Amino acid sequence: MLTFDPKQRTLFSAKKQLSFKFCKNKQHQTCNWLIPIESTEEFCTACQLNRIIPDLSDAKNVENWRHLEVAKHRLIYQLQKLHLPLKSKHKDEKGLGFDFVVRQKQSQLMTGHANGIVTILLREADSVFREKTRRELSEPYRTLIGHFRHEVGHYFWDVLISTNNKNLNDFRKLFGDERQNYGLSLQQYYKGEGKIDWQDSYISKYASSHPWEDWAETWAHYLHIMDMVETAYYFGIKTEPKSTNDKMELNAPLDPYKAPLFDSVLKNFIPLTFAVNSINRSMGVPDVYPFVVSSAVVSKMKFIHQVLTGMKKRDEYDS
Ligand SMILES: [Zn+2]
Ligand SMILES: [Zn+2]
């Protein structure tokens, strides 16, 4: 049995004890993760991925950066649970990195992904700006964790799909052919020439703009669902509604990262999302999960789950 003493930052087991030090970013209150005391690293596995952080002499920047790090740490925790490779761009050309930047006037810089670098504009951490943008784009949901999950999805398409012929073929059957002109597709989408009947085939309207965006959107939702089901699991949340609809019953919460089939994750997620959305309505706040997952989207998520669980098996086999 393992016990952790937070004051001494020491993990005790029957055989040994392990001591840890704080990540260097604790000084800015942007990180509370630990590193083994003997490690030569100054930053934790999440903070090692940062390439550009904002100018910290501006207090507003520090505040916005803190919000970004909360979301990023949650993302990195989840990617680790999925056994995804998380090499830092500092150490590996094919690795992952984060740029948190302030957009200067007239700059074309956008939140996005290119060659393993996820760029997030600092103003996205400002809730007023984010809500204004959400309404302008008629989005039902816009959050920092949503941005991170979407953008990192583009990176993992490069890592998991583009380099593997079987995965690429399966991807094209479900999401379409990504070789269609990306720039033109987005232009058409923003001109309002996108698909009208997108609801049956896509998780969001934006997902209908191009197969790459469909992948990133579906990937983000897959991560949303896994995180919600895991949180419910650790709280032991069950639902037994006073109605005859047994689809709304959640009897046995499960750890989704140990589920071989996505169906069982979904079986937990549906009653859970109905319950939490209803509770939010009791308080007059927006639904936690304001989306409908169609059967076409379920097939795409099953593919993602399959790719990731296949990878985990290999990983277990290696170790
Ligand atoms: Zn850290
Ligand atoms: Zn995208």
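Tutor: Leaving aside residues up to four places away in sequence, Arg103 touches Leu109, Met110, Leu121 and Arg123, where contact means heavy atoms within 4.5 Å. Please keep in mind that this is a predicted model, in which local features need pLDDT of at least 70 and side-chain atom pairs count only at pLDDT 80 or more, while totals for chains, interfaces and linings use all residues. Residues are numbered from 1 along each chain as its sequence is written, chains are lettered from A and ligands numbered from 1 in the order in which they are written, and side-chain values use heavy atoms, with hydrogens and water left out.

Arg103 sits in the loop that runs between β6 (97–101) and β7 (112–114); helices (H or I, at least four residues) and strands (E, at least two) are DSSP runs, numbered from the N terminus. With a relative accessibility of 33%, Arg103 counts as partly exposed, a label that falls between buried, under 20% relative accessible area, and exposed, over 50% (1.4 Å probe, protein chains only). As for distance, Arg103 and Thr143 are 40 residues apart along the chain, and their C-alpha atoms are separated by 18 Å.

Beyond β7 comes the loop between β7 and β8 (117–121), and Asn115 is found there. Asn115 is exposed, at 65% relative accessible area, and it has a positive phi of about 45 degrees although it is not a glycine. Most residues other than glycine have a negative phi. His83 is another residue with a positive phi, near 60 degrees; it belongs to the loop between α1 (59–81) and β6, and its relative accessible area of 32% makes it partly exposed.

Let us turn next to charged pairs. A salt bridge is a side-chain nitrogen of Lys or Arg within 4 Å of a carboxyl oxygen of Asp or Glu, and by this rule the count comes to 20 salt bridges. One of them joins Arg134 to Glu131, with 2.9 Å between the closest N and O atoms. These two residues are three places apart in helix α2 (residues 127–136), which means that about one helical turn separates them. Arg134 is partly exposed at 21%, and Glu131 is partly exposed as well, at 36%.

In helix α4 (residues 165–175), Lys173 and Asp170 are likewise three residues apart, and therefore separated by about one helical turn. The closest N and O atoms of their salt bridge are 3.9 Å apart, and Lys173 is exposed, with a relative accessible area of 70%. Salt bridges also link Arg172, Asp177, Glu178 and Arg179 in a network.

The salt bridge between Lys300 and Asp214 spans 2.7 Å from N to O. Because Lys300 lies in helix α8 (residues 295–318) and Asp214 in helix α6, this pair ties together parts that are 86 residues apart in sequence. Lys300 is buried, with a relative accessible area of 4%, and Asp214 is buried too, at 0%.

His150 (NE2), His154 (NE2) and Glu213 (OE) coordinate the zinc ion (ligand 2) at 2.1 Å, where donors are N, O and S atoms within 2.8 Å of the metal (3.2 Å for Na, K and Ca), and sites may look incomplete because water is not among the atoms. In sequence, the donor residues of this zinc ion follow the spacing H-x3-H-x58-E. His154 lies in helix α3 (residues 144–161) and Glu213 in helix α6, so this pair joins parts that are 59 residues apart in sequence. Both are buried: His154 has a relative accessible area of 13%, and Glu213 has one of 2%.

Tyr233 also lies in helix α6, which covers residues 211–235, and at 31% relative accessibility it counts as partly exposed. Together with Tyr77 and Tyr234, Tyr233 makes a nonpolar surface patch of about 320 Å². Patches are made of residues with over 30% relative accessible area and no salt bridge, with like charges joined within 9 Å and nonpolar side chains (Val, Leu, Ile, Met, Phe, Trp, Tyr) within 5 Å; the areas come from the Shrake-Rupley method with a 1.4 Å probe, and for residues only the protein chains shown count as cover.
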